[in-house]
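Please look over the structure below before you read my notes. The points are numbered so that you can check each one against the model.

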Amino acid sequence: MNDQPAFPQERTLPCGSHEECEGLSIRDYFAAKAMVSYMQSDIWNYPTYKQAAKSSYALADAMMKERGQA
């Protein structure tokens, strides 16, 4: 279990059958939260969005490791 869905849901299709929709992974969710935190704080010092994204995913990876899933 290394990158589970953050908000799994089941939906009913018009034909009556069901399918699971996984949505974001937990890693993506953590990275998105990190990015928002960076952008709303005074520590934003990334010259490019690419560098900010890399940093956000590095933080997400650390969080996943702490959870024992990486």
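1. Start with a term. Buried means under 20% relative accessible area, exposed means over 50%, and partly exposed lies in between (1.4 Å probe, protein chains only). Phe 30 is buried, at 14%. Tyr 29 is partly exposed, at 29%.

2. Know what you are looking at. This is a predicted model, where local features need pLDDT of at least 70, side-chain atom pairs count only at pLDDT 80 or more, and totals for chains, interfaces and linings use all residues. Residues are numbered from 1 along each chain as its sequence is written, and side-chain values use heavy atoms, with hydrogens and water left out.

3. Check the confidence. pLDDT is the predictor's confidence in each residue, from 0 to 100. The mean for the protein is 79, and 81% of its residues reach 70 or more. Where pLDDT is low, the predicted coordinates should not be read in detail.

4. Now the layout. Helices (H or I, at least four residues) and strands (E, at least two) are DSSP runs, numbered from the N terminus. The protein has 2 helices and 2 strands. From the N terminus on, the order is β-β-α-α. Of the 70 residues, 20% count as buried.

5. H2 has 18 residues and should span 26 Å; its end C-alpha atoms are 26 Å apart, which agrees. Just after H2, Gly 68 takes a positive phi of about 85°.

6. Which residues of H2 are buried? They are Ala 52, Ser 55, Ser 56, Ala 60 and Met 64. An α-helix has 3.6 residues a turn, so residues three or four places apart point the same way. Helix H1 (26–39) is part of what covers the buried residues of H2.

7. Take Ser 55 as one case. Ser 55 sits in helix H2 (residues 49–66) and is buried, with a relative accessible area of 19%. Contact means heavy atoms within 4.5 Å. Leaving aside neighbours within four places in sequence, Ser 55 is in contact with Tyr 38 and Tyr 46.

8. Compare Ala 58. This residue is also in helix H2, but it is partly exposed, at 46%.

9. Look for the salt bridge (a side-chain nitrogen of Lys or Arg within 4 Å of a carboxyl oxygen of Asp or Glu). The count is 1. Asp 61 pairs with Arg 27, and their closest N and O atoms are 2.5 Å apart. Asp 61 lies in helix H2 and Arg 27 in helix H1, so the pair ties together parts that are 34 residues apart in sequence. Asp 61 is partly exposed, at 33%. Arg 27 is partly exposed too, at 28%.

10. Last, the rings. Rings of Phe, Tyr and Trp (its six-membered ring) pair if their centres lie within 6.5 Å; planes under 30 degrees apart count as stacked, over 60 as edge-to-face and the rest as tilted. The count is 1 aromatic pair. The rings of Tyr 29 and Phe 30 have centres 6.5 Å apart and planes at 45°, so this pair is tilted.

Terms used:
The expected span of a helix is 1.5 Å times one less than its number of residues.
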